[in-house]
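Here are some exercises to work through with the model open beside you. Try each one before you read its solution.

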Amino acid sequence: MSGQCGDLVGEPRPAQRRPQLGLGCVRTGQPEAAVGAVAVLVSGTTVLGSASVPLGAFAGAAVAALSLLLVARMRADASPVTFVLVGITVGSFCSAVTAALVANAPTDSAVRSVMFWVNGDLTSRTWTDVWLSLPPILLGAAVLVSRHRVLDALLLGEPTATSMGVDVRREQLVLLLAGALVTGAAVAVTGVIAFVGLVVPHAVRLVLGTRHRILLPASMLSGAIFLILTDLAARMLFDPVVLQTGTVAALVGSPVFAWLVLRSGSHQADAA
């Protein structure tokens, strides 16, 4: 499931002037989900039992997504660079809040558990964690897949999508909240594992194209396979040293993502 939130909107067409608020521009980020979950872990809140951490992660991701949606509403002429900068700003702010929470954790054991969780890992995860995260992930995934025609329409631009009968504002809100739900549930269980949602969907799009009816399920499956392979590599490749899953995912994902960015930039230059 970890690959799907990186691809609610495929690559915009070169002639498209106005940026579209979709997953490519407005990705519900893991740092934002992390700050909510860390706040729950540090405070020791157990009001909602085992659902406290997932709900905290969802709240953090939802607030970040809605803040980016607000930017889109305030600045109709906002460029993709604006969304990227706002996303970086929100992510940096949330990382600072997370650091402040960790620095003021009541016990050393709480600090160690939070830091281990922030780096992302599948160690000690059980079927209980799977059953806890499965309902919100399935619900969010079902909502996203059911909107595949809306996502395809948004690729053509908001005016075109509106002329096709799409309620753009409502659908953007639904997509953002669904993405936040899936991200929050996944991050609550695994911790922050970077680059899965960035690299996998864009790599899949290069192979399968931009039709979301195919792209979304393929990204979900590919993201899950990528996560399993990185976890196996973390446990076995450097034996007897065991790395965290998030560390291996970042080591693999960062150069691949850089290649994808450079490749996209060269194609846009050729199209121009």
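Two rings of Phe, Tyr or Trp (its six-membered ring) make a pair if their centres lie within 6.5 Å; planes under 30 degrees apart are called stacked, over 60 edge-to-face, and the rest tilted. This is a predicted model, with pLDDT of at least 70 needed for local features and 80 or more for side-chain atom pairs, while totals for chains, interfaces and linings use all residues. Residues are numbered from 1 along each chain as its sequence is written, and side-chain values use heavy atoms, leaving out hydrogens and water.

**Exercise 1. Count the aromatic pairs and classify the one made by Phe195 and Phe257.**

Step one: the rule gives two aromatic pairs. Step two: the ring centres of Phe195 and Phe257 are 6.2 Å apart and their planes sit at 55°, so call this pair tilted. Phe195 is in the loop between helix 8 and helix 9 (196-208), and Phe257 is in helix 11 (residues 245-271), so the pair ties together parts 62 residues apart in sequence. Helices here are DSSP runs (H or I, at least four residues), numbered from the N terminus.

**Exercise 2. Compare the span of helix 8 with the expected one.**

Start with the rule: expected span is 1.5 Å times one less than the number of residues. Then look just past the end of helix 8: Gly191 has a positive phi of about 85°.

**Exercise 3. How do helix 5 and helix 8 cross?**

The axes of helix 5 (residues 127-146) and helix 8 come within 8 Å and cross at roughly 160°.

**Exercise 4. Is helix 9 parallel or oblique to helix 10?**

Helix 9 and helix 10 (residues 212-236) pack at about 130°, their axes 9 Å apart. So helix 9 is oblique to helix 10. Among the residues making the contact (heavy atoms within 4.5 Å) are Val200 and Val204 of helix 9 and Phe226 of helix 10.

Note on methods:
Helix = DSSP H or I, 4+ residues; strand = E, 2+ residues; numbered from the N terminus. Axes fitted to C-alpha atoms, helices over the stretch in contact; angles between N-to-C directions. Parallel < 35°, antiparallel > 145°, perpendicular 65-115°, else oblique.
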